[in-house]
Amino acid sequence: MNIKTLSFVALVSAGLGVVLMAVRTYYAVSFSEPLQLTTSGAEYESLYVIWKYIQGAPVYVDQTRIPFAGTYYNWLYYAFYGEVASFVLSALSLTDAWLPTITKLLTLSGATIGTWVSYRCFWNMGFGQDKNGRLLSFAFAVLLFFGPLMGFWAIATAPDIWALTLDVTAVFVFLRYYQSHPVKAVLLFCLFAYLAWSFKQIFVFSPGAVGLLLLIRRDWKLLFILTFGMWSAWGLTLAIGSLDYVHTIVAFGGTSVELARYELVRNLINLTVKIQPVLIMLAVAVIATVINPSFRTVLRVGFSEGENRGPEITFSLALLGVLITSVLAIPASAKIGASENYYFTLTFFMMLAGLSWLRISSQKENIVGWAYGAMSLGWLGNLIAVSSVFVGLQGVLSTRHMHDSMTAAAGCLNQQSLSDSLFISNPYLSLPWMVPARQHFVIHYNYPMDRASGVSMEGGGVGGLIDDGYFATLILPAGLKGSYDGAQLSRYRLRPQTCPGLLIYDRTNVPAPPPDQTSGGSAPKS
């Protein structure tokens with residue numbers, strides 16, 4: 001098999017991933033009504049913080065204090081999404097209910113830009129300048145941002161996509177200018193690496209990889225510029241931030257971080273299934289290196305002081321990137337609630353390592369011939385994996401049902417006579433545009449784990465507030481067995497009226513609603 005056939009198979013396989021993402025986007029985004037659904041992660045947390053940013057309210061707060069809402073990510077994520085969303089809402093005279101749609105589209109734009117940047121990085125620094133090399137590079141770039149590993153993250157209200165895009169940009173500009181304008185390369189790298197960190201603080205992968213490369217190559221001047229630049233930017237940001245901001249960045253807001261072996265195993269298995277073309281490409285590189293000892297000189301050239309052969313430097317940096325991201329991301333992916341998004345940057349560096357190796361080995365026909373054949377099997381496996389989602393064998397095609405259930409519940413609740421203070425157990429329904437309330441208890445994802453681990457909460461947490469009669473009305477899940485968050489509900493009476501999947505409780509000193517009050521309702525108005 002030759003590279004032309006491989007690139008064709010890769011494009012078809014990667015293209016089917018784009019079709020899958022387009023179908024998912026069709027079900028998750030509408031321009032005729034504001035859809036209320038979750039695609040990946042605890043999006044309600046981010047939506048609430050972005051809404052607070054738009055309203056001019058404090059973004060970073062103590063999540064152990066009422067109303068127990070969490071802010072987990074870095075400042076630029078909320079500022080960027082908040083400013084763009086505020087502009088769109090104002091320019092188009094939209095209500096806050098459109099915020100999920102706007103933020104999802106903003107994430108999708110980041111994935112599109114990230115695809116282009118990673119393509120340029122793979123094409124210029126990896127496989128080479130020929131037509132088929134460009135096509136294969138493009139296929140891997142599409143696989144990174146629109147492939148099975150990405151899942152729904154490309155249309156989620158989350159910082160990961162823009163952080164990844166900026167991190168890839170940092171690596172690209174470093175490799176683009178390192179040989180010709182080394183100081184410029186490091187300065188531009190510092191800029192984009194800082195921006196990536198400013199979206200999500202775990203993104204220190206690339207600074208670690210570049211710093212280690214410069215250390216091994218004994219490039220002391222550039223290493224000093226990198227170290228001073230990155231630590232100055234990080235330090236200045238923390239110095240001017242509030243105490244709650246610093247606590248969030250340094251200590252995750254003090255929340256309980258629990259690791260679980262089953263999470264790690266599940267995420268690693270999913271990673272293996274979802275990046276088959278990448279793993280097989282790297283396996284081919286390892287086998288070829290064992291077979292042909294001449295490949296062992298690649299790292300020596302890439303790590304040697306004064307050697308400036310681009311492909312070898314790229315390959316060496318990519319391997320260091322794989323090492324750094326593996327050390328940081330794999331253990332972090334064992335955190336309860338973690339997903340394959342922890343492996344995005346690791347996958348990028350694995351792609352860069354494999355493609356740069358292929359460029360170096362492109363003149364060795366006795367190796368690349370069988371290598372192309374083996375790599376095509378990975379792309380065929382990817383094609384089967386994506387196809388299985390379309391036929392319903394695995395995966396999720398749409399989460400539109402969440403919108404139906406959320407709007408039905410919100411419409412019903414908004415037709416009830418609900419007294420403030422109001423607590424709704426479903427954090428998405430607690431969002432300001434879903435059910436109006438004086439305080440919005442958009443409880444953060446880690447709240448149950450914090451309670452279980454004994455983290456001190458203001459008022460004893462939600463359960464303590466219920467015992468004290470803090471809330472006039474409670475909206476709790478149907479099937480509740482007499483208590484919630486440790487509270488026995490003795491101060492509340494159950495209404496005969498219900499809403500889909502929800503029970504309504506009133507504090508005993510709060511007048512009951514009129515007897516003709518009925519359930520039912522409509523979706524939030526657009």
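About 50 Å³ of space lies in the second largest cavity of this structure, which is a predicted model. The lining of the second largest cavity is made up of V61, D62, Q63, D244, H247, T248 and G253. Sorted by class, that lining has one nonpolar residue, four polar residues and two charged ones.

The structure holds five cavities of 30 Å³ or more. The largest cavity contains about 60 Å³ of space. Around the largest cavity stand D160, K200, I202, F203, F205, N341, Y342 and T345. Here the lining divides into four nonpolar, two polar and two charged residues.

L164 belongs to helix α6, which covers residues 160-177. Is L164 buried or exposed? Its relative accessible area is 0%, so L164 is buried. F145 and L164 are 19 residues apart along the chain, and their C-alpha atoms are separated by 9.3 Å.

Another buried residue is S7, at 2% relative accessibility. S7 sits in helix α1, residues 3-28. When neighbours within four places in sequence are left aside, the contacts of S7 are N132, L135 and L136.

The aromatic residues come next. Across the whole structure, a search finds 31 aromatic pairs. One of them joins Y72 and F252, whose rings are stacked, with 4.7 Å from centre to centre and 20° between the planes. This pair links distant parts of the chain, since its two members are 180 residues apart. Y72 lies in the loop between α2 (43-55) and α3 (75-91), while F252 lies in the loop between α10 (243-251) and α11 (261-274). How exposed are the two partners? Y72 is buried, with a relative accessible area of 5%, and F252 is partly exposed, with a relative accessible area of 24%.

F224 and F228 form a second pair to look at. Why does this pair count as stacked? The ring centres of F224 and F228 are 6.0 Å apart and the planes meet at 15°, so the pair is stacked; planes under 30 degrees apart fall in that class. Both residues lie in helix α9, which runs over residues 220-240. Along that helix F224 and F228 are four residues apart, about one turn. Both are exposed.

Aromatic residues also gather in a group. Y60, Y73, Y77, Y78, F80, Y81, W162, F199 and Y245 form one aromatic cluster.

Charged side chains meet rings at two further places. R24 lies over the face of F152, at 4.3 Å from the ring centre.

S421 is in the loop between α17 (400-413) and β1 (422-424).

Which residues have a positive phi without being glycine? R218 is one of them, with phi near 60°. It is found in the loop between α8 (205-216) and α9. R218 is exposed, with a relative accessible area of 52%. L489 is another, with phi near 65°. The place of L489 is the loop between β2 (473-477) and β3 (492-499). L489 counts as buried, because its relative accessibility is 7% and buried means under 20%.

Technical notes. Residues are numbered from 1 along each chain as its sequence is written. This is a predicted model: local features need pLDDT of at least 70, side-chain atom pairs count only at pLDDT 80 or more; totals for chains, interfaces and linings use all residues. Side-chain values use heavy atoms; hydrogens and water are left out. On a 1 Å grid over the protein atoms alone, a cavity is a set of points where a 1.4 Å probe fits but cannot get out, and a pocket is an open set with protein on both sides within 12 Å along at least five of seven lines; lining residues have an atom within 4 Å of a point. Grid points are joined across faces, edges and corners, and a volume is the space filled by probe spheres set on the points. Ala, Val, Leu, Ile, Met, Phe, Trp, Tyr, Cys and Pro count as nonpolar, Asp, Glu, Lys and Arg as charged, and the others, Gly among them, as polar. Rings of Phe, Tyr and Trp (its six-membered ring) pair if their centres lie within 6.5 Å; planes under 30 degrees apart count as stacked, over 60 as edge-to-face and the rest as tilted. Buried means under 20% relative accessible area, exposed over 50%, partly exposed in between (1.4 Å probe, protein chains only). A charge sits over a ring if NZ of Lys or CZ of Arg is within 6 Å of the ring centre and within 35 degrees of the ring normal. Contact means heavy atoms within 4.5 Å.
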